[in-house]
Amino acid sequence: MGMFTSINIASTGMSVERLRTDVISDNIANASTTRTPEGGAFKKSMVVLRPISDTKPQWKNPFVPADLDNGPGKGVKVLEIVKDETQGRLVLDPDHPDAIKSGPNKGYVEYPNVNIVNEMVNLIASSRAYEANATVIDGAKDMFTAALDIAR
C-alpha cells in the first residue's frame, strides 16, 4: 500500500457521497411532480455502489476466512443510478389535470414514490459519510506532516 492510499480511498468515498447528495436533492425537489417528460409521476432515483477491489491482494487479513478476503480494496465507485419503479401514493382528485382518466383508479392522481422523511435521513447519512471521509484525509495529512517532522 502506498503512502497516499488512504487519501485516494477517502476521496472516492467523498465523490460518491457528493453524487448521492445530488440524487437525494433531486428526489426531494421532485417530491410532488405528477408529470414528467417520460410520462407519469416522478420515480425516485437510487445510487448503486460497488467496491473498487484489488484483484491481486498484497496481504491477507488473518482474522477473516480466506474465501471472504479480497484484500484491502481501493475505495468505492458508482455502479449505476436506478429508478425505483414502485407505485407512488394515489390521491383522489378528479379535477387535477393529471388525474387518471379511466380504469379502476379513475379520478386518482399518482404522486411520486418519494418519502421526504426517508430522503432527509439519507441526506443526513450521506453528509455524515462525506464528513467522515474528509476527517480521514485530514488525519492522513496530519500523520504525513508528523512523519516529515520526525525525519528532520
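Here is a short chat about how some labels on this predicted model were reached.

Colleague: What ground rules sit behind the labels?

Modeller: It's a predicted model, so local features need pLDDT of at least 70 and side-chain atom pairs count only at pLDDT 80 or more, while totals for chains, interfaces and linings use all residues. Residues are numbered from 1 along each chain as its sequence is written, and side-chain values use heavy atoms, with hydrogens and water left out.

Colleague: How many helices and strands are in the chain, and in what order do the elements run?

Modeller: The chain has 2 helices and 4 strands, running α-β-β-β-β-α from the N terminus on. Helices (H or I, at least four residues) and strands (E, at least two) are DSSP runs, numbered from the N terminus.

Colleague: How do you know that the span of H1 agrees with what a helix should give?

Modeller: The expected span is 1.5 Å times one less than the number of residues. Helix H1 has 25 residues (5-29), so it should span 36 Å, and its end C-alpha atoms are 36 Å apart, which agrees.

Colleague: Which residues does Leu49 touch?

Modeller: Contact means heavy atoms within 4.5 Å. Not counting residues up to four places away in sequence, Leu49 touches Val16, Arg20, Val76, Lys77, Val78 and Leu79. With that sort of exclusion, Thr36 is in contact with Ala41 and Phe42.

Colleague: What covers the buried residues of H1?

Modeller: The cover includes strand S1 (45-52), strand S2 (75-83) and helix H2 (116-151). Among the buried residues of H1 are Ala10, Met14, Val16 and Ile24.

Colleague: Why is H1 called roughly antiparallel to H2?

Modeller: H1 and H2 pack at an angle of about 160 degrees, with axes 9 Å apart. Angles run from 0 to 180 degrees between N-to-C directions, with axes fitted to C-alpha atoms over the stretch in contact. Under 35 degrees counts as roughly parallel, over 145 as roughly antiparallel, 65 to 115 as roughly perpendicular and the rest as oblique. That makes H1 roughly antiparallel to H2.

How values were computed: Buried < 20%, exposed > 50% of the residue type's maximum accessible area, 1.4 Å probe, protein only.
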